[in-house]
Every structure is written in C-alpha cells, then in structure tokens.
Amino acid sequence: MWKLLRGRSREAECFKEQGNAYYAKKDYNEAYNYYTKAIDMCPKNASYYGNRAATLMMLGRFREALGDAQQSVRLDDSFVRGHLREGKCHLSLGNAMAACRSFQRALELDHKNAQAQQEVRVESISIKQHGVIGRNSDFCSVRTEQHNSQ
C-alpha cells in the first residue's frame, strides 16, 4: 500500500512539474490539464490546487480559481500563496472585504510578505475611496499598522 501511495505521489509531482513547464510557456490550458491530473492523483496537496488556481486566474476564470484557492487553504491554512490567490480572486469578483481578509491572513502567516503588505495597503485605500462605511471600513489599515509595528 505504501509503495502505491508513494508511486502516486511521485506521478503527481511529475504532472505538477509538467504543468509548471506549460505555465512558464504561458500555455495555461495545458498547465491546467496537468495540474488537474496532479490533483486527481493526490487530492490532498494544497500546492496543486494553488497552482491550478493561478492558472485559472490567468485564463480569467476567477470563480473557479477562487474555489481552488479556497480548497488550497482548507488543506493547508499556512499556505500563504493560497491566501494571496484567494484575495486576488475576491478582488476580481468585486468582493473587496473578503479580499482584505485573505490578504490579512497571509500577513498573519508571514508579516514580512511584501505582496500581502502591498495588497492590504491598496485595498485599504480602495475601500476608503469607495465609501465603505461601517465597523469593517478600517479593517485593512488598522491590521496593517499592527503588522508593521511588529
């Protein structure tokens, strides 16, 4: 049984590497196919879902990408790139507050992550400019200041 699992894991990694090669060549449809094969072989691997989410984002399929990004962080809540991708999908789908929460989680996991810091700053400004009023309107800016002081 262990040999079978190890073999499936190795095969899944090969599919992921092929997906990475197609992604690097900007052949996102083929990358998607190989990441899907990796997921089929090893459905508990967060990075496979994260890679497929990135590919779906490049294809403009943000609702599907959001599902994969959310699955990646369900499987591994410490997967920073999964939280970042989830946030970007929320942004693309028009949900700034959900995006902000995703970026905040990424910062909680890695307070020095420059991408997460930038996204939180941008979203904080955007939320304020668009007149989001209420108890969550300063969510991003307040939390960013806390992380910057650590």
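Which residue lies over the face of tyrosine 34? In this predicted model, that residue is lysine 37, placed 4.6 Å from the ring centre. Tyrosine 34 also belongs to an aromatic cluster together with Phe15 and Tyr22. The points below cover the aromatic pairs, the charges over rings, and two further helices.

**Aromatic pairs**
- The model contains 3 aromatic pairs.
- Phenylalanine 15 and tyrosine 34 form a tilted pair, because their planes stand at 40 degrees, with the ring centres 6.2 Å apart.
- Phenylalanine 15 is part of helix α1 (residues 2–24) and tyrosine 34 is part of helix α2 (residues 28–41), so their pairing ties together parts that are 19 residues apart in sequence.
- Phenylalanine 15 and tyrosine 34 are both buried.
- An edge-to-face pair is formed by tyrosine 23 and tyrosine 28, with 5.1 Å between centres and 70 degrees between planes.
- Within that pair, tyrosine 23 is partly exposed at a relative accessible area of 27%, whereas tyrosine 28 is buried at 13%.

**Charge over a ring**
- Arginine 61 places its charged end over the ring of tyrosine 32, at 5.0 Å from the ring centre.

**Serine 72 in helix α4**
- Serine 72 lies in helix α4 (residues 62–75) and is buried, its relative accessible area being 0%.
- A polar atom of the serine 72 side chain is 2.6 Å from the backbone oxygen of alanine 69.
- Beyond four places away in sequence, serine 72 touches Ala46, Tyr49, Gly50, Phe79 and Gly82.

**Helix α6**
- Helix α6 (residues 96–109) comprises 14 residues and reaches 20 Å between its first and last C-alpha, close to the expected 20 Å.
- Its buried residues include Met97, Cys100, Phe103, Gln104 and Leu107.

Terms used
Residues numbered from 1 in each chain as written. Predicted model: local features only at pLDDT ≥ 70, side-chain atom pairs only at ≥ 80, totals over all residues. Heavy atoms only, no water. Helix = DSSP H or I, 4+ residues; strand = E, 2+ residues; numbered from the N terminus. Buried < 20%, exposed > 50% of the residue type's maximum accessible area, 1.4 Å probe, protein only. Polar contact = N/O pair within 3.5 Å; in protein donor to acceptor, adjacent residues only side chain to side chain. Contact = heavy atoms within 4.5 Å. Expected span 1.5 Å × (residues − 1). Phe/Tyr/Trp six-rings, centres within 6.5 Å; stacked < 30°, edge-to-face > 60°. Lys NZ or Arg CZ within 6 Å of the ring centre and 35° of its normal.
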